[in-house]
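Take a look at the structure below before reading on.

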Amino acid sequence: MRFHLSRFALATGFALTEHGRNRFALLLVVLFVPLWTTLAYLVMPDTPAPMQLHATGERLSPRGNELTEISGALNAITLITGFMMFSATFSGSSFDRRLAVAGYPRVHLVLAKVTALALISAVVAAYATAVTCLAWTPRQPLLLAAALFSAGLTYGALGVGFGSVLRREVEGMFAIVMTSIIDLALQNPISSSGADSPVMRYLPSYGAMQASTAAGFSTTPVPRHLAIEFAWFAGAALIALLGFCRSTRSTLPAGPHRPEPGPESGAAHLPTPRRAAAPAATADTETP
């Protein structure tokens, strides 16, 4: 038991150290989250936006700027967690491969990444919830934090998957940004007229969007949609696990086995060279 705990603690330290070196991501957490959510609240009109909330079945009319701020908070946390996990996985893939080839248990490496992802998502979700509450008060702040946390987990797992599969950094960044933009823009009734479409239920952040909207404008708890988002996280984590196992496999070629040539083998072989015979001593050897 102590062996597993020490290996897990060491791998978690590696993962957190890698994230701590990403100064740009930390700057995004500090500045991008309040900037994006505040601009969404101040710039968007506060006129009511009638919508049907599938999570509770209620017909709501939230203010447009408040609804856009929730969407902006979700967009910020998905981009940040996805970027941080992708960057750590992409830059540390060779180190993880060396550890795995050297015999370090892959289970401990994976659990360490999940732990780091959970800590990052919790911190960013709490921070985004606090920033949102400075502008207006959601009906269920804890539910809002849980929804943001679950969305961060999902996109963090997607970031690990992209980092394990894609070969260039720009490809992973583009994949994360476009997935988040398309995912959340289609669900915002202010920017999309098809937000009530049943197709929205198959988007990665559908459960988090429904739960966060209910948290902002309804008093009805929606555990089912939180469970939907955690199911998305489980699926994304499985894909990330497969990609991680693929990226950490050994790429060293196995040493070729050369059988000894036998009488039945057709391989030609050289005869063993004979030693030169020592010169025979002659009887008439002169003695000094």
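In this predicted model, the count of cavities of 30 Å³ or more comes to one. The space inside the largest cavity is about 120 Å³. Its lining is made up of 15 residues. Those that lie nearest the centre of the cavity are Met51, Gln187, Pro189, Ala195 and Gln210. Two elements give two or more residues to this lining, namely β1 (51-53) and α8 (206-217). Which of the elements gives the most to the lining of the largest cavity? That element is α8, with four residues. Sorted by class, the lining of the cavity holds eight nonpolar residues, six polar ones and one charged residue.

The next space to look at is an open one. The largest pocket holds about 290 Å³ of space, and 17 residues line it. Nearest the centre of the pocket lie Phe14, Ala15, Glu18, Phe95 and Asp96. The elements that contribute two or more residues to the pocket lining are α1 (2-20), α3 (64-91), α4 (93-101) and α5 (106-135). From α1 comes the largest share of this lining, six residues.

The protein has nine helices and two strands. Starting at the N terminus, the order of elements is α-α-β-β-α-α-α-α-α-α-α.

The remaining points concern the protein as a whole. Of its 288 residues, 43% are buried, where buried means under 20% relative accessible area. Contacts can be sorted by how far apart the two residues are in the sequence. Among the contacts in the protein with a separation of 6 or more, 77% are between residues 24 or more positions apart. How much accessible surface does the protein have, and what percentage of it belongs to carbon and sulfur atoms? The accessible surface comes to about 16,200 Å², and carbon and sulfur atoms account for 66% of this surface.

How values were computed: Residues are numbered from 1 along each chain as its sequence is written. This is a predicted model: local features need pLDDT of at least 70, side-chain atom pairs count only at pLDDT 80 or more; totals for chains, interfaces and linings use all residues. Side-chain values use heavy atoms; hydrogens and water are left out. On a 1 Å grid over the protein atoms alone, a cavity is a set of points where a 1.4 Å probe fits but cannot get out, and a pocket is an open set with protein on both sides within 12 Å along at least five of seven lines; lining residues have an atom within 4 Å of a point. Grid points are joined across faces, edges and corners, and a volume is the space filled by probe spheres set on the points. Buried means under 20% relative accessible area, exposed over 50%, partly exposed in between (1.4 Å probe, protein chains only). Contact means heavy atoms within 4.5 Å. Accessible areas come from the Shrake-Rupley method with a 1.4 Å probe; for residues, only the protein chains shown count as cover. Ala, Val, Leu, Ile, Met, Phe, Trp, Tyr, Cys and Pro count as nonpolar, Asp, Glu, Lys and Arg as charged, and the others, Gly among them, as polar.
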